[in-house]
Amino acid sequence: MASATKSGLDDSRRSLGSPKLRGRENTKDTLCRNITIYGKCRFEDKGCAFNHDPQKLYNANQNDSKKRLNVDSPSFTPAVIGANGSSSKKPNSISPKAAVAAPFLPKASGTSTPPIRPDTASSDWTVAEVPDFVPQGLDASQVQVSLQGNPNGVLNPAAAYDPFVTTPGSLAASGSVTSHPVQGNPYSHDAAAAVAASMGGTAFFSGQAGFQQPVQYHLYAPVGPHSQNIHPHNRNVHDLFLPNDFREELQKKAAATLQTLPNSSLPAHVDNFHSLVPLDLSHQKNASIFGYPSWVYKAQSGKDGNFYALRRLEGFRLTNEKAIRSVQAWKKVTNGSVVTVHDAFTTRVFQDSSLVFVMDYHPLSKTLAEQHLGAGSRYAGRATTAIPEAVMWSYVTQIASALKAIHSAKLAARIIDPSKIILTGKNRIRLSACAIMDVVQHDTQRSIEDLQHQDLVNFGQLMLALGASASGVVGSPTKSMEYFSRAYSPQLKNSVIWLLNAMQMDQERNIDIFISGISSQLISTFDSALHMDDQLTSDISRELENGRLVRLLTKLNFVNERPEYEHDRQWSENGERYFLKLFRDYVFHQVDSQNSPVVDLGHVLNCLNKLDAGTEEKVTLISRDEQSCFIVSYKELKKALESSFQALMKPTRRMH
Ligand SMILES: Nc1ncnc2c1ncn2[C@@H]1O[C@H](COP(=O)(O)OP(=O)(O)OP(=O)(O)O)[C@@H](O)[C@H]1O
């Protein structure tokens, strides 16, 4: 830590935080605004007098400021420290008028500096007690080298200028290993070390070659896939967060899950479920599928608090208890393309005798009929565009997977109908009415093999109906097949024909044979699924960093400017807290040459990431009256934050 005069600070401050011009004679020292705003300058080779190399400029400034304001400056000499050790209005905030400076020296540094206040020397306050973030075996030079090829260990200064534009150097690439919560201190950033200690000194990843401890939190390492050919000036803040459409989808689903229906005429409780919301789009009773009108509700369980879909069959009377027990076998069917069945019961709370199935709830799902055949119109055939072949194959694959799981469990789906298959995400479908016919038509004379063959036929009919939906042909299998043959590949057509003939005994037909026949399509669908998986992993990894920074910000705000300590100079205006307060200003309250707020997320994220990592890089902090400045490393700031936070948690401090 060092202090400097106001005049000594001016240049370095401008070069770090403001694109302010300093007169024509200094144009070569001033970053061109076009570089700042657009990432490049069209006039670079046509006479523009300003500087076009931020890195060079930054290095020049670093050297410049090092000369004047580094730790070797005279203000760090022990003689000066001793002279200023006594308490004053701002004991360690040095006015430029004063000829002396009180450095911020951790106790561990071995100097004989008297403590700024008596209790800072106590075990409660000393920063030296907070474990150093740089572990043994990883010295400062290693930390700097790891900064993505930037020998100064400094992120690209351009990031500090560009509002909401990040540069590849500054915010590229990441430490994506999460820290683990440490008992007793949910905010600890040294969790990995604690885990290591609790495991006898071996963190779970310690065996992996090339893993550095600590994780370099100040580096971002986005997980692919990446957009190609993006220039720095094209990148924006969205690169750091979930894609907007994905976030919107998740938020809408969350809102739908939490939706309630005040003053509803539905029963307040159905078994242990409450807060029923109907999901049917039409009020028309339709008994064509199950033989009973059916209704679907979203409801919350009073037992586990989760949300479920309840399918109610109106007017059903249970005559054979064995029928409802058949649901047990369905509970064991866990397949990505089958809506999981949890339970079934009869109830009279709807003023009739109803049969209710409890199933997984998939918010905002639509049926395939709603999606492709025109909302609410059964087989209306009003789809405007043909379903693409790739989507058809995706549906084929998913239903084949569902049938494989169902048939392997010696069950049959029995209903494969566009109105009973729900779309729960982009091209993600699930059979939503399994188990129901096993209860409703428990006494059927048909063998399970027969029902399984029927599943294959129903499967073929479904694909034909979907494929021919754009043709406007309704109810004529021959015409539908003609259209289908023209619209889709022979392989898809032959697969559908094979399914439609599943009841014929000319050759053996089952779901396994069907799956072998479409293996090449399975592989391409599988590959698409892997790409989707990669994409989601990449999206999630962006939010991972945000969670970490929220914890850090929370901690910083717990410490900064607590009103109850407002007049307690020893807390707010002294030592560590003072630096943290100035750091807060440095991060969030910078102004440009026109005194307008600098709103630059890149700068904020840079600073916070470096604070979290506790890098050796130094930052210049200026008091609000611009009478004092300090040069302090992120490592020291990190320690200050840790010890201040620990002090806050001490009961003695709270009673102070
Ligand atoms: N498990 C579920 N989770 C969430 N929503 C579901 C679930 N099952 C069905 N739905 C939704 O409930 C609504 C009604 O489903 P339902 O099966 O009654 O369809 P429908 O088109 O009304 O058919 P029908 O005319 O036979 O009643 C549909 O929009 C469907 O997407």
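Visitor: Where does P363 lie?
Guide: Strands are DSSP runs of E with at least two residues, helices are runs of H or I with at least four, and both are numbered from the N terminus. P363 sits in the loop between β7 and β8. Residues are numbered from 1 along each chain as its sequence is written. This is a predicted model, in which local features need pLDDT of at least 70, side-chain atom pairs count only at pLDDT 80 or more, and totals for chains, interfaces and linings use all residues.

Visitor: Which residues does P363 touch?
Guide: Two residues are in contact if their C-beta atoms, placed from the backbone, lie within 7 Å. Not counting residues up to four places away in sequence, P363 touches K253, A256 and T257.

Visitor: And where does K420 lie?
Guide: K420 is in the loop between α12 and β9 (421-425). With 23 other C-beta atoms within 10 Å, K420 is buried. Leaving aside neighbours within four places in sequence, K420 contacts I289, I415, S432 and A433. UniProt, in an unreviewed entry, lists both P363 and K420 under "binding site"; such annotations may be inferred rather than shown by experiment.

Visitor: How many residues surround the ligand?
Guide: A residue is near a molecule if its C-beta atom, placed from the backbone, lies within 6 Å of it. Here 21 residues surround the ligand, the closest being L279, N286, V296, A309 and H362. At least two residues of this shell come from each of β4 (294-301), β7 (354-360) and β8 (366-367).

Visitor: Which residues of helix α16 are buried?
Guide: In α16 (residues 490-500), they are L492, S495, V496 and L499. They cover an arc of only 95° around the axis, so they are on the same side of α16; the arc is that of the directions from the helix axis to the C-beta atoms. These buried residues pack against α12 (389-408), α14 (448-467), α15 (477-487) and α17 (511-517).

Visitor: Where does pLDDT stay under 50?
Guide: pLDDT is the predictor's confidence in each residue, from 0 to 100. The value stays under 50 over residues 1-25, and is below 50 over residues 64-211 too. Where pLDDT is low, the predicted coordinates should not be read in detail. For the chain, the mean pLDDT is 73, and 63% of residues reach 70 or more.

Conventions. Buried ≥ 20, exposed ≤ 12 C-beta atoms within 10 Å, placed from the backbone.
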